[in-house]
Amino acid sequence: MSDRAADQGEGTRAVRAGLPEAVKNEPTLPGPAFAAHFHLPGEVDGPYTYGRDTNPSWSLLERAIGELEAPGQDGVETLVFASGMAAVSAVLFSQLRAGDTVVLPGDGYQVLPLIRAQLEAYGIAVRTAPTGGDAQLDVLDGARLLWIESPSNPGLDVCDIRRLVEAAHARGALVAVDNTLATPLGQRPLELGADFSVASGTKQLTGHGDVLLGYVIGREGGPMHAVRRWRKIVGAIAGPMEAWLAHRSIATLQMRVDRQNATALVLAQALRKRPEVTGLRYPGLPDDPSHKIASQQMRRYGCVVSFTLPTRTRADRFLDALRLVDDATSFGGVRSTAERRRRWGGDDVPEGFIRFSVGAEDPEDLVADVLRALDESVD
């Protein structure tokens, strides 16, 4: 990893992340390498041997992500996957064995209960605790792996990652942090001491709602070797086109993140004035319960705002009345989306709970649309 990358501004780093050395008459970012196999006479050596193991498009993207997640750090490895859940599964199932114990957030991504059931079916004990208040500290003893999701999805609670990492390492446990909602421009888990930073590149990292992708980054050595081996065995690999699209999209990451984060704060401030809105959460609000610790470990607070409307019916009418916001799942895209999360069944949230992903629209237009939709959705 170049020391120069660590000294550059985040916009410069994002624009140039992972680019190959300049070669006359060659593109600055080579197109996707569509290849299942490569010329391989004689001994099996070199970087590219078979399409399930390595691909030039992955290599450039992995380098780019590494430069964002761990600028200036040597001895780190990045692996891309077919989706965020492929990356999550790779860490969990490569590090844990029957008889081990893992600590998961009790308020995390709604697929985690499915993960828990599968882990338990393999003889792995699962403990859970909420993200807020560093509650996972109380269930760490004897654990092999601690899984942190901060900010949590969809509740937006934040925990003290450094504190949890130190406590877990003192007990001999590895630590993985889901960095999806923060992105590498919001926080860098490896710098906070984590062993793995894991994320869905489907969300704000790529930001256009057209790519399914995930990644894991960690320090070189046994744990990351196991993650790489898991990817080879399971074959949960990113397609070259997806890798190329993701790499192309990273160039605008800082511009998108700064615009979306700034507008998210403006929206949250507007929602604070609405009497029908309860449970408003955005770590960037000075009076948010997570603001203090978020400000100590995050450089940006994210593009997601969550809040609750009085009833399911009111929430549905609000979503129907929006004109600039798509009723869709996922988050982080340049077009704003919102949804009533309880409809999926996996989140322990009220029926009227809304997860709102702020896009890159003009803030005054977006806020006006939301306030109008709230007015029109009144009983």
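Me: Where is T183 found, and what makes its phi stand out?

Reply: T183 is in the loop between β5 (174-178) and β6 (196-200), strands being DSSP runs of E with at least two residues and helices runs of H or I with at least four, numbered from the N terminus. Its phi is near 70°, a positive value in a residue other than glycine. A friendly caveat: this is a predicted model, where local features need pLDDT of at least 70, side-chain atom pairs count only at pLDDT 80 or more, and totals for chains, interfaces and linings use all residues. Residues are numbered from 1 along each chain as its sequence is written, and side-chain values use heavy atoms, leaving out hydrogens and water.

Me: Which residues line the largest cavity?

Reply: N179, T180, T183, P184, A199, S200, L205 and Y215 do. A cavity is a set of points on a 1 Å grid over the protein atoms alone where a 1.4 Å probe fits but cannot get out, and lining residues have an atom within 4 Å of a point.

Me: Why is α4 described as it is relative to α7?

Reply: Helix α4 (residues 84-95) and helix α7 (residues 222-234) pack at about 115°, with axes 9 Å apart. Angles run from 0 to 180 degrees between N-to-C directions, with axes fitted to C-alpha atoms over the stretch in contact. Since 65 to 115 degrees counts as roughly perpendicular, α4 is therefore roughly perpendicular to α7.

Me: What is the omega of the peptide bond joining S150 and P151?

Reply: Omega is about -5°, and this bond is cis. P151 sits in the loop between β4 (145-149) and α6 (161-170).

Note on methods: On a 1 Å grid over the protein atoms alone, a cavity is a set of points where a 1.4 Å probe fits but cannot get out, and a pocket is an open set with protein on both sides within 12 Å along at least five of seven lines; lining residues have an atom within 4 Å of a point. Angles under 35 degrees count as roughly parallel, over 145 as roughly antiparallel, 65 to 115 as roughly perpendicular and the rest as oblique.
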